[in-house]
Amino acid sequence: MGKQLKKTHLHEFHKKTAKMTEFAGFEMPLWYRGIIPEHMAVRNTVGIFDITHMGRALITGAKSEAFLNYVTTNDVTALSPLSAHYSNICNEQGGIKDDFVLSRLEQEKFLIVYNAANRTKDYEWLVKHATPFNVKVEDVSDNIAMFAVQGPNAQKTLQKIADLDLSKIERFKCGWTKLIGVECFVSRTGYTGEDGFEVFVWNTPLTNPANAVKVWNAILEAGRELGIEPCGLGARDTLRLEAGMCLYGNDIDETTTPLEAGLGFVVKLKKDSFIGKEALTKQKVEGIKRKRVGLTMMKKGPSPRPNYEVWKGNEKIGHITSGTFSPILERGIAMAYVSVQHATEGNILTVKIRDKLAEAQIVKFPFYDPTKYGHARLK
Amino acid sequence: MRVLDYEIPDKLYYSKEHEWVQIEGNEAVVGITDYAQKQLHEIVYVEVQKIGSNIEQFQTMGTVESVKSVSDLFAPVSGKITKINQELAESPELLNQDPYGKGWLARISLADLRKDLKKLLTSKQYADFIKEIEE
C-alpha cells in the first residue's frame, strides 16, 4: 500500500472481475476465475491477457538495423519487414540484461517489447548506445495497449473482428489490421507455447482508454462461443513455465548468460561486434559450467519452488529458479540451473522441498506433449 | 453465520491464522476456514504432520500449497494427532469445496483445552476479526 501503482487501460474491468496483484509497479489481474481454468482455456480453447504493463519502444533511423545488431544478440539483418524474433540484450560480460521480442515494422523502423520490470533499465541502455548510430529510441509504452490472445481458437476469435486475413500471418510474422474498426498491429507471437497473437492497440494513451476497452470487449465477445477466458498473470506464469520459456528475474538475469540459459539459438556469434560478443565467444569455446534444465517431479506431491536446492546423491548441484504446479501434468514442474555434467535429459535428481527430498527427472522443453498441446500440436 | 463473502459456522472456535476447531469430548477436529480457502484459492497439495505427532498451539502442523503459493498450517490447539484426512492426498481441492466438512485436516487428542480456548475466538469474534482485516 502507500505507493501509487500504475494502472492499465482496462483497470476498471480488472478491478470488477479479478483478484488483483502488484507486479513491476503495476496493479494487474492475478486471476479472474482461477489460474487452473484460465490455464486450461488457453491450452484447449482461447484466453485473453492484458499485458499493457510490458515495455514498448520504437527504434527508427537509417542505422537502426546496425544499432540493433550491436545492442542485441540475434541477427537483425535476417529479420524482414513484418517479422519478429526473440532475442537478448547482454552486458559486456555476456550476462542477460533482458529478453524480448523485436518486430521489424519497416526497413528502418522496429518495435521492441521488453519486460515490465526492465522498462527503465532497457530504455536507458538503448538510449545510451543509440547516439553513435543516430537512431531515435522512443518509449511508446503509455501510448499503446497490448493484449495477448492465445490458444488454438485465437485466430478464429480475432478473425471475427479483423479486416485482414489472419491466416496469412504465420508464426513470428506481423501485420496491420483494424479490429472492430480500431487500428492495431498484430504479431503471431506469445508467451504460452500456444498459437496466438499479441495485439497492439495503436495510439491509445492511458488518458484516453476508449479504443483499448473497445477492442478488449470485442475480443471477449467474439471469443464467447469459442470458450474464451480473460486470464491473469497467474495463468501467464504457469503457461510460460509449462512451455519452457524463461521469466526474467527468475530464470535469467545479468549473472546468467544465454548459453547457460539454453538460449544459444538467439546468439549469433558470427555477427560483427555486439555487446557481450567477446565474453560469450570465450564461454562458447571454454564450455559452460551450469545449464538451465526442466524438471518434472516423479510423483504427485509438493511442487518445487524458486531457490529450492537440487541434489544428485550427496552433492548439491544447483537450484530451482521457477517452479509451480502444472495444470496439464497435475504435478510439480520447475526450471533449475544444474552443473553441466549432470544436465542430461532423463537424469533423475532430487529436489529438497522443505525437509524432504523428492525425485525429479530432467526433461526437455516444453513440459507437455507437443503433439497434444502447444502451437505445433497435431490438428 | 455469513460475513461478507465468508461462511463462519456458529459452533466452532477459530484462530487468527484462520483455522477452525470443533470440540468433540477430549478430541478436536481442525481445518482451515472458508476465508482461508478463498484467500489461498485452488489448493493443489496439503501435508499434515504424521499421526502420533505432538503439536503445540500456534506452531506449524503442516503445509498447504496453491498453484502459486506455499503456506504453513498452524495448529489451533495443542495435543497429539490421532487421525489425518487421508482423502486430501488425492483430492486437496476438498479444502476449497468443503472447508468445514470433507476438507477437515486432522483430529487431535487435546492436551489442555481450557488453556487453548483462552487464545481462540468464538464465531462472533472471528467474524469481527474478518471484517477488520477486510476493511
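Mentor: Tyr45(B) stands opposite Glu65(B), a residue of S8(B). This is a predicted model, so please read everything here as a description of a prediction. The two strands around that pair, S6(B) and S8(B), run antiparallel and are joined by five bridges. They belong to an open sheet of three strands in chain B, with the order S6-S8-S9 and antiparallel pairing. S6 and strand S9 (70–74) of chain B are at the edges with a single partner strand each, so one side of each has no neighbour in the sheet. On average, neighbouring strands here are turned by 20° against each other, direction ignored.

Now look across to the other chain. In the contact between the chains, 10 residues of chain B meet 12 residues of chain A. On the chain B side, strand S6 (43–48) and strand S8 (60–66) each supply at least two residues. The largest share of that side comes from S6(B), with three residues.

Strand S4 (residues 55–60) of chain A pairs with S8(A) in the antiparallel sense over four bridges, and Ala57(A) stands opposite Asp139(A) in S8(A).

Stepping back to the whole of chain A, the division is into domain 1 (11–52 + 144–240), domain 2 (55–141) and domain 3 (289–367). The centres of domain 1 and domain 2 of chain A, taken over C-alpha atoms, are separated by 24 Å. Their contact takes 11 residues from domain 1 of chain A and 10 residues from domain 2 of chain A. The domain 1 side of that contact divides into seven nonpolar, three polar and one charged.

What about the interior? The largest nonpolar core has 118 residues, and those with the most contacts inside it are Ile112(A), Phe147(A), Val149(A), Val199(A), Val201(A) and Val215(A). Domain 1 (11–52 + 144–240) and domain 2 (55–141) of chain A each give this core at least three residues. Another core, of 22 residues, lies apart from it, and includes Met297(A), Met335(A), Phe367(A) and Tyr368(A). In soluble globular proteins, nonpolar side chains tend to be buried together. For one residue in detail, take Val199(A): leaving out residues up to four places away in sequence, Val199(A) touches Phe147(A), Val149(A), Leu179(A), Cys184(A), Val186(A) and Val215(A).

One last stop is helix H7 (residues 233–243) of chain A, which is mostly covered, with 10 of its 11 residues buried. Among the buried residues of H7(A) are Leu233(A), Arg236(A), Asp237(A) and Glu242(A). Just after H7(A), Gly244(A) takes a positive phi of about 85°.

Key: Residues numbered from 1 in each chain as written. Chains lettered and ligands numbered in written order. Predicted model: local features only at pLDDT ≥ 70, side-chain atom pairs only at ≥ 80, totals over all residues. Core = buried A, V, L, I, M, F, W, Y, C linked by C-beta atoms within 7 Å. Buried ≥ 20, exposed ≤ 12 C-beta atoms within 10 Å, placed from the backbone. Domains from an automatic or database assignment. Contact = placed C-beta atoms within 7 Å. Nonpolar A, V, L, I, M, F, W, Y, C, P; charged D, E, K, R; others polar. Pairing = 2+ DSSP bridges. Axes fitted to C-alpha atoms, helices over the stretch in contact; angles between N-to-C directions.
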